[in-house]
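Welcome! Keep the sequence and the 3D view open as you read.

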Amino acid sequence: MLRREFLAVRSRLTADDVREAAVALAERALELPELARARTVAAYVSVGSEPGTLALLDALRARGVRVLLPALLPDNDLDWGAYAGEGSLARVQHGGKMALFEPAGERLGPDSVTGADVVLLPGLAVDARGMRLGRGGGSYDRVLARLERAGAHPALVVLLYDSEVVDHIPAEAHDRPVQAVVTPSGVRRFPSA
């Protein structure tokens, strides 16, 4: 129910809204000290009315950061590949799900995410505790569990619109808080994460 409400608000955004937000989002994100120090960042390519990520991915690459992008596996887990510019992306249709832009090159394996200094997470909302509401597919729950098992502690940052930072969302036992949310208007940190 909650996911549908957030998706409905996003569906009303115009292409201009999404484009303007993407530029502001990249500017805010690039101010994060975690990203300034990062050598490897696991990110994703936004689709549809998601907060745009391409400007941010290109800016990170221009800084010499290695950017890993996910490729959805049949079981909803994620494999990873290196981003080499917009031309290195392939549009992949996954059954009845939405088409995703994935790295066209070599697959590095699901565990390659454990080497990331920062993981940029998609989401629909985040609350005052830093709990993230995902799309419900469980892909990033697996990523977070894999990081925990490996003893890896990258900075976890969710990219959202301003209206998606809310007081409270229901959380499950396996949910992990993020350290920060970046929106077009700024960065909010969650000290408990």
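**A first look**

Strands β10 and β11 form a hairpin, with two residues between them. Please keep in mind that this is a predicted model. The points below begin with the sheet, then turn to the helices, and end with some individual residues.

**The sheet**

- Seven strands make up an open sheet with mixed pairing, and their order is β3-β2-β1-β6-β9-β10-β11.
- Which strands stand at the edges? They are β3 (78-82) and β11 (186-189); each has a single partner strand, so one side of each is left without a neighbour in the sheet.
- On average, neighbouring strands of this sheet are turned by 25° against each other, direction ignored.

**How the strands pair**

- Ala42 stands opposite Leu68 in β2.

**Helices on the sheet**

- Helix α2 (residues 15-30) packs on the sheet, where it touches β9, β10 and β11. The direction of α2 makes about 140° with that of β10.
- Helix α5 (residues 139-150) packs on the sheet too, touching β2 (66-72), β3, β6 (118-121) and β9. The direction of α5 makes about 80° with that of β3.

**Helix α4 and its buried face**

- Which residues of helix α4 (residues 54-62) are buried? They are Leu56, Leu57 and Leu60.
- Looking down the axis of α4, you will find its buried residues within an arc of 100°, so they line one face of the helix.
- These buried residues of α4 pack against α2, α3 (33-37), β1 (40-42), β2, β6 and β9.
- Just after α4 comes Gly64, which takes a positive phi of about 90°.

**Strand β2 and Leu68**

- Is β2 largely enclosed or left open? Six of its seven residues are buried, so β2 is largely enclosed by the rest of the structure.
- Leu68 has its place in this strand, β2. With a relative accessible area of 0%, Leu68 is buried.
- Leaving aside residues up to four places away in sequence, Leu68 touches several others, including Thr40, Val41, Ala42, Trp80, Leu108 and Val113.
- For a sense of distance, the C-alpha atoms of Leu68 and Glu164 are separated by 25 Å, and these residues are 96 residues apart along the chain.

- Asn76 lies in the loop between β2 and β3. Its phi is near 75°, a positive value in a residue other than glycine.
- Is Asn76 buried or exposed? Asn76 has 16% relative accessibility, and buried means under 20%, so this residue counts as buried.

**Aromatic rings**

- How many aromatic pairs does a search of the whole structure find? The search finds zero.

Key:
Residues are numbered from 1 along each chain as its sequence is written. This is a predicted model: local features need pLDDT of at least 70, side-chain atom pairs count only at pLDDT 80 or more; totals for chains, interfaces and linings use all residues. Side-chain values use heavy atoms; hydrogens and water are left out. Rings of Phe, Tyr and Trp (its six-membered ring) pair if their centres lie within 6.5 Å; planes under 30 degrees apart count as stacked, over 60 as edge-to-face and the rest as tilted. Two strands pair if DSSP finds at least two bridges between them. Helices (H or I, at least four residues) and strands (E, at least two) are DSSP runs, numbered from the N terminus. Axes are lines fitted to C-alpha atoms, for helices over the stretch in contact, and angles run from 0 to 180 degrees between N-to-C directions. Contact means heavy atoms within 4.5 Å. Buried means under 20% relative accessible area, exposed over 50%, partly exposed in between (1.4 Å probe, protein chains only). The arc is that of the directions from the helix axis to the C-beta atoms.
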